[in-house]
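Hello,

Please find the structure below.

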Amino acid sequence: MTWTKCFLLPLLVCLLGIIWSWVPCAIDPVGYNLAVPPKFEGPLQPNDYLAKAERLFEGSIIGPESLALHQGKLYTGTADGKVVELDLDVHTMRTVTLLGKPPCGSFMDEPVCGRPLGMEIDKSGHLIVADAYLGLHRVNIATGVTELLVSPDSPQDGKNLTFLNAIAIHKNGSIYMTDSSAKWGRRNFVNVLAEGRNDARLLRYDPDTRTTTTVLDGLSFANGLHLAHDNSFLLIVELNKCRILKYMLEGPRAGTVETFTDNLPGIPDNIRPNSRGGYWLAFATARQAGKFSAIDFLAPKPWLKKIMYKLMNPDILFQTLPKYGLIVELNASGDIIRSLHDPVGTVFSGVSEVQEHDGVLYLGSFSAPYLRKLDITFLLNTFT
């Protein structure tokens, strides 16, 4: 009997290993390391400012990810594929256009319906919209008429657009764009996060030649994008690396890349200017010293991520991230000089973008059924 047990147990383990190896895994992750997260002290000292935010258009809008302000109206894209205009004075909403085709609103519909993400107003007053699936569009905000500038099916250096994300419009009319993954579309963003691969890129659309070129590749979940106030460099948010890169556009170092700020206190999303020569940076969640972070723990363990993907729904990985509302203010050099928090995330978590206007912050989200507004006039006298 003992001999039989000794024989069968290894055989069973071996058979289970063979069967396990046949179980497919959706992702092919790589390992990388993140620095120990920063302590929440000094300019990162927790507060409850974000918990004071007011909800706008609640129940009428879902996932106002990116925001563009023009002549007192706010423009944003929604989870059901619409580009909408929000009148902030009378609190009305108007659908400007739908870039894709219905039905809309579900995981399966998203590639056909579209998901408008990055947007900015160009010098002619048109809204430039990056749709995660449907390419780059110019939208007449008065009529809703759209023009496709860059098709997702037009290969750029041999690769189609897979996950078009943020944009930044240069003063010469060129449009910079992030393509966040070479493999996964927006609805599978958790897979991009889990794989940790350096397959994202920065693209540039030239309106004169109507051509698109790759400016920079080898990025890791390139996300937010913003031009310096003088257009001399471009800031690129690398979500997986929790850092911001600085790509020089002018001067003797044009074409070179350096780190603008590193080891950020959360999973960064979009970056936008403040009114003081610096920037607002939004976070999907926080990471801080002394607190468990699934992102930091799993980053150097691709084997563990594979096991998790074989055993559970990958969305669980994202759901394990702490509910923590956080935005930070950076100065022109990339130093954190201010932070606004909702430490328990009951009122505010998962900020996608910050738009500052006349002492008010408008706060976007990739999933919340409302826009958020925070009056910061009571704080402005403490800002430098």
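**Second largest pocket**

Helix α6 gives the most to the lining of the second largest pocket, namely three residues. The model is predicted, so local features need pLDDT of at least 70 and side-chain atom pairs count only at pLDDT 80 or more, while totals for chains, interfaces and linings use all residues. Residues are numbered from 1 along each chain as its sequence is written, and side-chain values use heavy atoms, with hydrogens and water left out.

Helices (H or I, at least four residues) and strands (E, at least two) are DSSP runs, numbered from the N terminus. A pocket is an open set of points on a 1 Å grid over the protein atoms alone, where a 1.4 Å probe fits, with protein on both sides within 12 Å along at least five of seven lines; lining residues have an atom within 4 Å of a point. Volume is the space filled by probe spheres set on the points, which are joined across faces, edges and corners.

The second largest pocket holds about 420 Å³ of space. It is lined by 21 residues, and Glu 110, Arg 186, Phe 189, Phe 366 and Ser 367 are the closest to its centre. Two or more lining residues come from each of α2 (110-113), α3 (189-195) and α6 (315-319). The lining has nine nonpolar, five polar and seven charged residues (nonpolar: Ala, Val, Leu, Ile, Met, Phe, Trp, Tyr, Cys and Pro; charged: Asp, Glu, Lys and Arg; polar: the others, Gly among them).

**Largest pocket**

The volume of the largest pocket is about 590 Å³. Of its 32 lining residues, Glu 120, Ile 121, Asp 122, Lys 123 and Ile 169 lie nearest the centre. Strands β2 (67-70), β6 (116-121), β10 (164-169), β14 (222-227), β18 (266-273) and β22 (353-357) each give two or more residues to this lining. By class, 15 are nonpolar, nine polar and eight charged.

**Helix α5**

In α5 (residues 302-311), Leu 304, Lys 305 and Tyr 309 are buried (under 20% relative accessible area, with exposed over 50% and partly exposed in between; 1.4 Å probe, protein chains only). They lie on the same side of α5 because they cover an arc of only 140° around the axis, taken from the directions from the helix axis to the C-beta atoms. Trp 303 and Leu 311, on the other side, are exposed. The buried residues pack against α3 and α4 (294-298).

**His 91**

His 91 sits in the loop between β4 (82-87) and β5 (92-98). Its relative accessibility is 45%, so it counts as partly exposed. Leaving aside neighbours within four places in sequence, His 91 is in contact (heavy atoms within 4.5 Å) with Leu 56 and Phe 57.

Regards
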